Amino acid sequence: MKIMSFQASLAAAVMLAAAWLASPVSAQTQAAPTAPAQAQTAPASPATAPAAPTAPAAAAPSAQTGSPAATAPAAAKAETVTVGVPGMKELSPWVMFMSADVVVKAVMIGLAFASLMTWTVLIAKSFELSVASAKLRSALKKVAEARSLAEAQMALGAKEGILPSFLAAALREARMSAGLSSDAGIKERAASSFQEIVRAEARRIRIGMGVLATIGSTSPFVGLFGTVWGIMNSFIGISKSQTTNLAVVAPGIAEALLATAIGLVAAIPAVIIYNHFSRVTKGYLELVSRASGAAARLLSRDLDRSHGSLHSRAAE
């Protein structure tokens, strides 16, 4: 009996040592196979006492039940890490745009096109206004010392511009009014022609300003429409999934808010550029008024000079 009990205790010690050595290797993959190994090694001892096998049998379930409980929190933490980190990386503007609704995508594309038009108008109008202002200033300097309309036309040459248009209108009116004794009527008709030229030039130079005004005033509301539509879809998704978890709600709300952000990006530069061009256009139109006044003065000199020559001839 002593020999049998010694053999049983030796077998139990061997099994416990094997379980102790095998458990630290891998808590998740090797904890389950150790239990069958212990169960198989128990019958290997010959003719053991009935009370001796109960110790390994009790140890095996404890090893089996203890290892899943220990591995469950670690597996849950690993799963949350692997799932949560890519989710945070995917919240980029491009991914949010690609995963947005069709209506929200259309709103974003329209606002991006409006922003592109804003910057196109900025480049085109800046070049146009700078070239037109430089040409008009140069023309005013050239005719500053001219004494007549013909001399002013010779100084300018065959160049096109707003000042040559004023000079041509004045000469045309003087030619068509030849033989009339009323200088006031000639000047009035010439001034009417000058006003038409000024209005036409103002309409031409303001081309594109309406686009800026429209984009600046409507882009925030268009972006807000995309935001409302996206948040509505987010609430519908919440009702379908029956959860208010932030990880589920956040992507849809972020996509919706991206539409408002793009609307503001399109609207703010449009308003600033419109105000800038309003000031620059006003300065250019003042130069146009100066050119109109220069042409009117040259016409008045020509009329006075012609009447003076007629009076001198009549006196002779």
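Arginine 189 is partly exposed, with a relative accessible area of 35%. Here, buried means under 20% relative accessible area, exposed means over 50%, and partly exposed lies in between (1.4 Å probe, protein chains only). The model is predicted: local features need pLDDT of at least 70, side-chain atom pairs count only at pLDDT 80 or more, and totals for chains, interfaces and linings use all residues. Residues are numbered from 1 along each chain as its sequence is written, and side-chain values use heavy atoms, with hydrogens and water left out.

The side chain of arginine 189 meets that of glutamate 173 in a salt bridge, 2.6 Å from N to O. A salt bridge is a side-chain nitrogen of Lys or Arg within 4 Å of a carboxyl oxygen of Asp or Glu. Glutamate 173 lies in helix 7 and arginine 189 in helix 8, so this pair ties together parts that are 16 residues apart in sequence. Helices (H or I, at least four residues) and strands (E, at least two) are DSSP runs, numbered from the N terminus. Glutamate 173 is buried, at 12% relative accessible area.

By this rule, the count comes to 5 salt bridges. A network of salt bridges links Lys125, Glu128, Glu201 and Arg204. Within it, lysine 125 pairs with glutamate 128, and their closest N and O atoms are 3.2 Å apart. These two residues are 3 apart in helix 5, which means a separation of about one helical turn. Lysine 125 is buried, at 4% relative accessibility. Glutamate 128 is partly exposed, at 24%. Glutamate 128 also forms a salt bridge with arginine 204 (2.9 Å, N to O). Glutamate 128 lies in helix 5 and arginine 204 in helix 8, so the pair ties together parts that are 76 residues apart in sequence. Arginine 204 is partly exposed, at 35% relative accessibility.

The largest pocket has a volume of about 430 Å³. A pocket is an open set of points on a 1 Å grid over the protein atoms alone, where a 1.4 Å probe fits, with protein on both sides within 12 Å along at least five of seven lines; lining residues have an atom within 4 Å of a point. Grid points are joined across faces, edges and corners, and the volume is the space filled by probe spheres set on the points. The lining holds 21 residues, and Lys135, Leu136, Glu160, Gly161 and Ile162 lie nearest the centre. Helix 5 (102–142), helix 7 (162–176) and helix 8 (183–205) each give two or more residues to this lining. Helix 5 gives the most, with 8 residues. The lining divides into 11 nonpolar, 3 polar and 7 charged residues.

Methods:
Nonpolar A, V, L, I, M, F, W, Y, C, P; charged D, E, K, R; others polar.
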